[in-house]
Amino acid sequence: MSREEDDFQDSAPGEEHVNAHEPIGGARGYILGLGLAALLTAASFWVGWTDMIWRPAVPAAIVVLAIAQMGVHLVFFLHITTGPDNTNNVIALAFGVLIVLLVVLGSIWIMAHLNHGMQMGPDDMKTHMI
């Protein structure tokens, strides 16, 4: 088995290959990714507008569709796969996710703490207003 055939069999859905099987260089993967992303976006709008889904479950459904769309973008457009060639990309992605989580959770924690410190009970309000 040649290296090209071995690489072709060891590939993820969105992985780009420029070979005889795909003369335009991975355009099929990009088109498939675009179609899936558009479908997931349309499904998110449908979930938000329809009354067929139980209203309290709509945010959870939208979060699930958003996570699925992130997966589509990571695989088909950023070519993040589990292959040995993508170790650096996966490490960079994990570091980016860690930084985003630290910023978001740290901001929420700080805002909650400031909100707690700013709240004044009715008894305290009477004491300070007199």
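Modeller: Happy to! S44 is found in helix α2, residues 27-49 (helices are DSSP runs of H or I, at least four residues, numbered from the N terminus). This is a predicted model, where local features need pLDDT of at least 70, side-chain atom pairs count only at 80 or more, and totals for chains, interfaces and linings use all residues. Residues are numbered from 1 along each chain as its sequence is written, and side-chain values use heavy atoms, without hydrogens or water.

S44 counts as buried because its relative accessibility is 18% (buried is under 20%, exposed over 50%, partly exposed in between, with a 1.4 Å probe and protein chains only). Beyond neighbours within four places in sequence, S44 is in contact with I62 and L65 (heavy atoms within 4.5 Å).

L65 leads us to helix α3, where it is one of the buried residues, together with V58, Q69, V72 and F76. Down the axis of α3, these buried residues fall within an arc of 55 degrees, so they line one face of the helix (the arc takes directions from the axis to the C-beta atoms). An α-helix has 3.6 residues a turn, so residues three or four places apart point the same way. The buried residues of α3 pack against α2, the helix that holds S44. Turned away from that buried side, the other face of α3 carries exposed P59, V64, I67 and M70.

Just after α3, H79 takes a positive phi of about 55 degrees.

Conventions
Helices (H or I, at least four residues) and strands (E, at least two) are DSSP runs, numbered from the N terminus.
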